[in-house]
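Thanks for asking me to look this one over. Here are my notes, in numbered points, to read alongside the model.

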Amino acid sequence: MAGIRPDTALKPPTNGRRRKGPPAKLLPGVSRQQRLQAINGATPPSLALRGVKGIVLFLCCAVVIIPFLAVISTSLADQAQINQAGGYVLWPDNPSFHAYEAIFRGGVVTRATLVSIGITVVGSGLSVTVVALLAYSLSRPGTWGSKPILLLVLFTMLFNAGMIPNYLLIRQLGLIDSYWALILPTLTSAFQIIIMRAFFLETPQEIIDAARIDGASELRILLSIVLPLSKAVVAVIALFNAVTYWNAFFNAVLYINSTEKWPLQLVLRTYVVDNTAIGVDLPGDVVPPQQTLQMAILVVSLIPICLVYPLLQKHFAKGVVIGAVKG
Amino acid sequence: MLRPISRWDRFKRDRFLLLLGLPGIILVLLFQYVPLLGNVIAFKDYQPYLGIMESPWVGLENFAILFNGDPAFVNALSNTLIISFVQIAFVFPIPIALALLMNSLLSERIKRTVQSILYLPHFMSWVIVVALFQHMLGNAGLYNTWARQHDFFQMNIIGDPDLFIALITSQVIWKDAGWGTIIFLAAISRVDLELFESVAVDGGGRMRQLWHVTLPAIRPVIILLLILKLGDVLTVGFEQIFLQQGPAGLQASEVLDTYVYNRGIVGGNWGTSAAVGLVKGLVGTILVLGANKVAHLFGERGIYSSAKDSR
C-alpha cells in the first residue's frame, strides 16, 4: 500500500485521546491501527450512540454466555439447590463432580465419548493428510493430468448427489454400522483442496528446484519445504475438520444401528434433547438429579470444542479461515 | 535445444506425484461421483433385495409425485420456501449490522473479546444448540421456571407448531450471527484508510464514513452471500429441523430434506424420494448459476469471476 501523503494526513487528535510517546507526526510506517485511531479521534461518536452500542453488544454477549453458564453450573450443583431453584441454577453453591463420576462409570456416555474421540482423531488426521497430498500433487505446474483432476474436484462443488444415493452406496460397500461410514465420506472437501492448493502454489519454485537438484523426493519436498511454509492453513484445516467430525450427527443416525457404537452426539440427542431417562447405578450413593446428569453430558460434548477454540481463533485474524470455512 | 517432452515422459516423470494424489482422487470419485450414478434409482422401482442393477425401470413414474399435488410433498416444499425466505429476511441482515457495530468499537480489546464470545456458538453442533434451547426456553427450562416463580410472562416457544419458524430462526441467529460477521469485518479491514481520512478531512462524521465508504466496500460481499443464499433456498437447516420434528409435528416442520429422509429411508419409498432429491439438486444448481448471471447483469462480480481474480 502506498505511504501516507502529507496532503491527506490528519492532524493528531486533540480531544485528550493523545497517545503517549512521540506526537503522531504521520510518518510513513504509521500502523493501520494508529491511523484508525486518528480517524476515530477526529470524528468521535456521540455519548448516546456509544451508550446504545454498549448495551446492544452487552446483551448479545449475555445471550450467548448465559446458557453455557447455566449448563456448567447446573452440572455441578447438588440436589438441594436444584430442588430449590426448580431445575436449573446460574451458580453452584456447593460445586461437586458427582454427576461426572456417575456418567463416567463405564456406561453409555463413557463409551460414546471414546468413540467420538477416536472418530475425531482418525478422521481429522486422515482428512488433512489426504487433502494435503492431493492439493500438493495438483499444485506443481505442468503435472500430468493435473488440469482434468482439478476440474473433477471443482465440479463437485456444484452438485450434491443426495441422501438416498449416498445411503445406498454406503450400504453397497458394506459399511453400515461401521465407524468407517462416519469417517470416509467426509474425508475430502473440494473447498479445502482448492484452498490448500492455493497456499502450496505460493511456495517459491526456486526452493523446490533447489531441493530437487539436491536429490529430494516429492514426498520429502512436501514434508520438509512446502508443508512448513503453509503451517497455518494446514493447522486450520485440521482443526476445522476435527470440530466437524466431533459434531457430526446425522451420518451416525443414517449409518449406525447398534447403540454401543453411538458417538456422543447421538447420546446427547437421546438423553438431553429427547429427555430419555438416564439410568445410573451408583452403589450406596444418592443418584444425582436428571438435570445434573443431562447437563454433565452436555458439558462433556462442549469441552473438546472449547479446547481447540483458542487455537482456531489464533488464525481468524490472518484471514485464513474465510476460505477454509466449510459450507 | 530443448525438446518438448511427450505425454508418456511426463507421466513417467510425475508418477510419484500422482501416486501421492491417488487416495484423494479415489475418495472424490467414490463418494462424490459414484452416488451421482446411484441416482438412476430415481428412474427405477428400487427393490432392496434385487439391488440397483436388477430393479425394473419405470421411466418417469417416480417424478409424478412432483406434479400430482401429493399433499405431503406440497407441504414440505412450501415449508422449505417459507422458512428460506423468512431466514433471508430476518437472519441475513443481522451479521451485517453486527459487523458494522463491532467495527465501530474504538477499543481493540473490547472488540476482540466480543468477537471471541460471539463466534463460539458457531462451533457447537446442532444437537448442542437444540439441547441448550430446550433446557433454557422449554416449558420446564430455566427461563420458564424462573418466570413461574416470579409471576413473569412465560414463553412457550418450544413444541408450539405455530412458533416453529420463529424457534428455528432464532436458533440460526444465536448460532451463526456472530460468525457471519467475520467475512464482513474482513472486507471492511481491507478498505483503504485514505478513503476514511478524506471523508474526515472533508468534515464528514461517522455516519458519512459508514454511508460513503464502509457500506460500498462491503456491497460486493453482501451481494455474493445473497446469491449463495438464493441458490440455497431449497435447503434449510436439515439437522436442526430433523432434531425438532417430534415436538413440532410434521405439518409445521417437514421440509424437502426431511421429506426425502422420512419417505425414503424410513418409509422405504426409495424411487420417489430419490427423484425428489435429484430434482432438488438440479434446481439448486440452476438457481446458483442463474443468480450468478443476474449478479453479472447488475455489474457485480458474482462467484466465478471473483474466483478468477484471486488466482
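1. The buried residues of α9(B) pack against α1 (32-42) of chain A together with α10 (206-231) of chain B. Helix α9 of chain B runs over residues 193-201, and its buried residues are F196(B), E197(B), V199(B) and A200(B). They lie on the same side of α9(B) because they cover an arc of only 160° around the axis, the arc being that of the directions from the helix axis to the C-beta atoms. Just after this helix, G203(B) takes a positive phi of about 90°. On terms: a residue is buried if 20 or more other C-beta atoms lie within 10 Å of its own, exposed if 12 or fewer, and partly exposed in between, with C-beta atoms placed from the backbone. Helices (H or I, at least four residues) and strands (E, at least two) are DSSP runs, numbered from the N terminus.

2. A word on what you are reading. This is a predicted model, in which local features need pLDDT of at least 70 and side-chain atom pairs count only at pLDDT 80 or more, while totals for chains, interfaces and linings use all residues. Residues are numbered from 1 along each chain as its sequence is written, and chains are lettered from A and ligands numbered from 1 in the order in which they are written.

3. Now the interface. In this model, 79 residues of chain A are in contact with 75 residues of chain B (contact: C-beta atoms, placed from the backbone, within 7 Å). Helix α2 (residues 47-76) of chain A gives the most to the side of chain A that touches chain B, namely 11 residues. That side divides into 53 nonpolar, 20 polar and 6 charged residues. Here Ala, Val, Leu, Ile, Met, Phe, Trp, Tyr, Cys and Pro count as nonpolar, Asp, Glu, Lys and Arg as charged, and the others, Gly among them, as polar.

4. What does chain B have in the way of helices and strands? There are 16 helices and 0 strands in chain B. Its radius of gyration is 25 Å, whereas a compact globule of 311 residues would have one near 19 Å (taken over C-alpha atoms; the globule rule is 2.2 Å times the number of residues to the power 0.38). The C-alpha trace of chain B spans about 85 × 75 × 40 Å along its principal axes. Of the 311 residues of chain B, 35% count as buried.

5. Two loop residues deserve a look. Most residues other than glycine have a negative phi. N275(A), not a glycine, has a positive phi of about 60°; its place is in the loop between α14 (264-273) and α15 (290-316) of chain A. N275(A) counts as partly exposed because it has 15 C-beta neighbours inside 10 Å. In chain B, D151(B) has a positive phi near 50° and is found in the loop between α7 (142-149) and α8 (164-189). With 7 C-beta neighbours inside 10 Å, D151(B) counts as exposed.

6. Finally, confidence. Chain A averages a pLDDT of 83, and 86% of the residues score at least 70 (pLDDT is the predictor's confidence in each residue, from 0 to 100). Among the elements of chain A, α8(A) has the highest mean pLDDT (96) and helix α16 (residues 320-324) the lowest (43). pLDDT stays under 50 over residues 1-25 of chain A and over residues 319-327 of chain A. Where pLDDT is low, the predicted coordinates should not be read in detail.

Conventions: Two residues are in contact if their C-beta atoms, placed from the backbone, lie within 7 Å.
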